[in-house]
Amino acid sequence: VAMRRGLGYRSAVQERGLRAFARHLDQAGHRGPIALEASLDWASATASPDPCNPARRLATVRGFLRHLSTIDGQTEVPAPGLLGPAGHRTPPHVYSDREIAELLHAATGLAPAGGLRPHCYAVLLGLIPCTGLRISEALALTCGDVDLAQGVLTVRAGKRGRTRMVPLHPSALDPLRGYAQDRARRFGPPRTDAAFFRTDRSDRISYNSANHAFRLLRRRLGWTAAGRTRTPRVHDLRHRIVVRRIQTWHAQ
């Protein structure tokens with residue numbers, strides 16, 4: 001676990017799975033190299049009704065078993081897909097122009113009326129589909145990460161701790177500048193390390209708060225899975241930029 005963290009991996013779910021696997025072996029009095037049968041027994045001992053869960057549990061410990069096998073030369077590493085697929089991946093919902101417009105308009109109606117919160121969410125939810133940022137990456141942006149003069153975002157909370165530069169289309173700059181000016185007018189010039197997106201009551205928006213606000217907007221708009229690949233999620237906003245770009249290239 002320490003080695004994986006040192007390489008930039010962060011997965012509480014996987015670490016919990018590894019510890020559960022270790023407890024299972026300890027309780028069974030296991031010592032020495034790990035046979036395939038022991039791994040399969042643990043993976044299959046799940047109360048979850050999800051038929052993919054055993055395969056998911058086995059995939060959780062497979063990397064650890066591979067690591068052990070290089071040390072003792074006898075630990076058996078299960079073949080990929082030995083217990084079937086590890087999940088059912090539902091295609092993401094790709095938002096239409098109309099849906100994006102409806103979502104941003106609904107965001108301006110959030111409470112409190114005339115407050116910073118509705119302005120903040122309208123800009124936040126508009127930024128994700130035009131940059132491809134994850135919601136967690138957008139929420140982690142500080143004021144110093146948003147360079148409106150050069151039109152570039154610095155994403156420091158990327159996947160596996162990586163940092164990247166994200167150029168902004170000129171059409172995205174005016175909404176961001178308008179929000180930044182509104183924020184400064186209400187709360188004064190911010191520190192460079194302050195969160196860029198904030199509300200009237202909180203100086204930083206949590207992931208749970210953003211998801212709650214999105215689900216509220218989704219209910220108001222009456223969005224369901226009917227006629228779509230799935231019920232729209234806030235995470236699906238980031239898929240739009242890639243899909244629309246590929247469609248444009250194909251059309252051109």
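Which helix gives the most to the lining of the largest cavity? In this predicted model, the answer is α2, with three residues.

**The cavity**
- The count comes to one cavity of 30 Å³ or more, and the largest cavity has a volume of about 60 Å³.
- Its lining is made up of Val1, Arg4, Arg5, Tyr9, Arg10, Ser11, Gln14, Glu15 and Leu18.
- At least two lining residues come from each of α1 (2–6) and α2 (12–27).
- Sorted by class, four of the lining residues are charged, three are nonpolar and two are polar.

**The sheet**
- Three strands form an open sheet in the order β1-β2-β3, and their pairing is antiparallel.
- β1 (146–147) and β3 are the edge strands, each with a single partner, so one side of each has no neighbour in the sheet.
- Between β2 and β3, which run antiparallel, there are four bridges.
- Val152 has Pro167 in β3 as its bridge partner.

**Gly158**
- Leaving aside residues up to four places away in sequence, Gly158 touches Glu137 and Arg164.
- Phe21 lies 137 residues from Gly158 along the chain, and their C-alpha atoms are separated by 29 Å.

Technical notes
Residues numbered from 1 in each chain as written. Predicted model: local features only at pLDDT ≥ 70, side-chain atom pairs only at ≥ 80, totals over all residues. Heavy atoms only, no water. Contact = heavy atoms within 4.5 Å. Pairing = 2+ DSSP bridges. 1 Å grid on protein atoms, 1.4 Å probe; cavity = no way out; pocket = protein on both sides within 12 Å on 5 of 7 lines; lining within 4 Å. Points joined across faces, edges and corners; volume = space filled by probe spheres on them. Nonpolar A, V, L, I, M, F, W, Y, C, P; charged D, E, K, R; others polar.
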